[in-house]
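This briefing is meant for a reader meeting the structure for the first time. Please keep the sequence and the model at hand while reading.

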Amino acid sequence: MPSTTAVSAPGKVLLAGGYLVLDRQYTGLVFGLSARINVVAQEIRTSKGVQLSEIVVESPQFLEAQWRYGYHLAPEDGGIKLTQLQVGSAINPNPFVEVTLAYALTYITVAAKFKPSGTFDPVHLTVLADNDYYSQQHTSTAPSTSTRFAKFPTRLKDAHKTGLGSSAALVTALTAALLTHYLPSSAFDLDSEQGRRTLHNLAQAAHCAAQGKVGSGFDVAAAVYGTCMYRRFSPSILRDLPDVGASGFAPALAACVDSADRWDTEVAKDGIRVPPGVALRMCDVDCGSQTVGMVKQVLKWRDQTDPLGAKKLWDELQTRNVALGAALSGDRKDEIKAAVARVRQLVRDMGHASGVPIEPESQTALLDALTDNVEGVYEGVAPGAGGFDAIALLVQDDEKTAAGIKSFIERWSEEKGEKVRLLDVKGEMEGVRREALEQYRGWIS
């Protein structure tokens, strides 16, 4: 077991396939992003003869962001049960951290053939997020000299997110760090296809449990595999898993994760990219969307209000989404604007039919203005579930275009009274990966 392990997982943007990706009949074109969630796992050294059954997770960029857990093996193959320990004057729960630890450690007990008396060496997990995951201004870049990881003057739960998939990237990076830290490479190798499949399945299970629902999983798929064409898994795969600590949870989780036949996810990476000289960029609009409520309303329209009309629209939208992917992967830059415009039109039609602001009027105005007025901007979308999260742009990958976008949105923000800014993040092909420790200097000891 290495004394220190570092991994990172990318954020995501669902360029095409919002809402459709919930249904296995359709696919989503999802891009990984250069903004990453990093997790560094370090062994907690104790004095000789001292045994410590504790796991510490810390996000030092935020205030009051440390979570300490004791743990024990539950009876009747119930897996690892965690008990959060008080830090300071209060217990501050973090379900994504706690559930991920329980799922990952439980899987490890089965994979490593733990005995009932088995224990984990104590570990400290440091979580560092690239700045573009959050909208608010940061106070400083100390203790690092790099501007990549800033200090934020707020608690994590109060931070304004930009909608880049931080929870899925966190669950994936945390799971990968734990598996790599505790298991020998013969049992788990992050660089192998089998290792990524194990990570994908386990992270999907943990993420769904932490959310309290079985989502489409495209965000976890992007965190593991990077940019891809994604078809979701059947929700029934995860519905029969016992709760953490319940009788039989550990073997049931391991059987679910390791079953190649059970998982019907389709992740295609071949040819999924943007043309050379084109970049995917993001603009933050700093107000975010209540995605859950929007999804429920769209699905009600699809299932109850107008099933026939919805299917006709979704079938045509799938055709247009695939055409957009083909234009990008085929290096046909001259087709990008029209292909995106055709997708946006049907997305707006879906929004009007369902009563959901998938591409709100303010986003339409901003996207149209950028496309019409800034040289080098091909087109853009309100990605994923839409609403008021960050918008995605397909642009020429050069400094002139970036400068033009920044100048335009500065004027736009002043005139419209909105907070819009170009994020540093770009589309990226690579998924989860190991990281060198040097880049975290000042954050880890």
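In this predicted model, strand S2 (28–43) and helix H8 each supply at least two residues to the lining of the second largest cavity, and H8 gives the largest share of that lining, three residues.

**Cavities**

- Strand S1 (4–16), helix H8 (307–329) and helix H9 each contribute at least two residues to the lining of the largest cavity, with the largest share, four residues, coming from H9.
- In terms of class, the lining of the largest cavity consists of 13 nonpolar, four polar and two charged residues.

**The second largest pocket**

- The second largest pocket has a volume of about 360 Å³, and of the 17 residues that line this pocket, Tyr103, Ala209, Pro242, Asp243 and Val244 lie nearest its centre.
- Two or more residues of the pocket lining come from each of strand S5 (80–85), helix H1 (95–111), helix H3 (193–211) and helix H5 (236–239), and the largest share, four residues, is that of H1.
- Sorted by class, the lining of the second largest pocket has twelve nonpolar and five charged residues, with no polar residues.

**Helix H10 and its surroundings**

- Helix H10 covers residues 361–373, has 13 residues, and reaches 18 Å from its first C-alpha to its last, which is close to the 18 Å expected at 1.5 Å a residue.
- The buried residues of H10 are Gln363, Thr364, Leu366, Leu367, Ala369, Leu370 and Thr371.
- Those buried residues pack against helix H9 (336–354), strand S10 (377–381), strand S11 (391–396) and helix H11 (399–416).

**Strand S3 and its partners**

- Strand S3 (residues 54–58) is mostly covered, with four of its five residues buried.
- S3 is joined to strand S4 (residues 66–73) by five bridges, and these two strands run antiparallel; within this pairing, isoleucine 55 has tyrosine 69 of S4 as its bridge partner.
- S3 also pairs with strand S6 (residues 123–129), here in the parallel sense and over four bridges, and the bridge partner of valine 57 in S6 is leucine 125.

**Two buried glutamines**

- Glutamine 42 is found in strand S2, and this residue counts as buried because its relative accessibility is 11%, below the 20% cut-off.
- Leaving aside residues up to four places away in sequence, glutamine 42 touches Ser3, Thr4, Pro122, Val123, His124, Thr126, His181, Ile444 and Ser445.
- Although glutamine 42 and alanine 436 are 394 residues apart in sequence, their C-alpha atoms are 14 Å apart in space.
- Glutamine 318 lies in helix H8 and is likewise buried, with a relative accessible area of 14%.
- Again without counting residues up to four places away in sequence, glutamine 318 touches Leu20, Tyr26 and Thr27.

**The loop between S4 and S5**

- Glutamate 76 lies in the loop between S4 and S5, and its phi is near 55°, a positive value in a residue other than glycine.
- Glutamate 76 is classed as exposed because its relative accessible area is 61%, which is over the 50% cut-off.
- Aspartate 77 also lies in the loop between S4 and S5, and it has a positive phi of about 55° although it is not a glycine.
- Is aspartate 77 buried or exposed? With a relative accessible area of 52%, aspartate 77 is exposed.

Methods. Residues numbered from 1 in each chain as written. Predicted model: local features only at pLDDT ≥ 70, side-chain atom pairs only at ≥ 80, totals over all residues. Heavy atoms only, no water. Expected span 1.5 Å × (residues − 1). Buried < 20%, exposed > 50% of the residue type's maximum accessible area, 1.4 Å probe, protein only. Contact = heavy atoms within 4.5 Å. Pairing = 2+ DSSP bridges. 1 Å grid on protein atoms, 1.4 Å probe; cavity = no way out; pocket = protein on both sides within 12 Å on 5 of 7 lines; lining within 4 Å. Points joined across faces, edges and corners; volume = space filled by probe spheres on them. Nonpolar A, V, L, I, M, F, W, Y, C, P; charged D, E, K, R; others polar.
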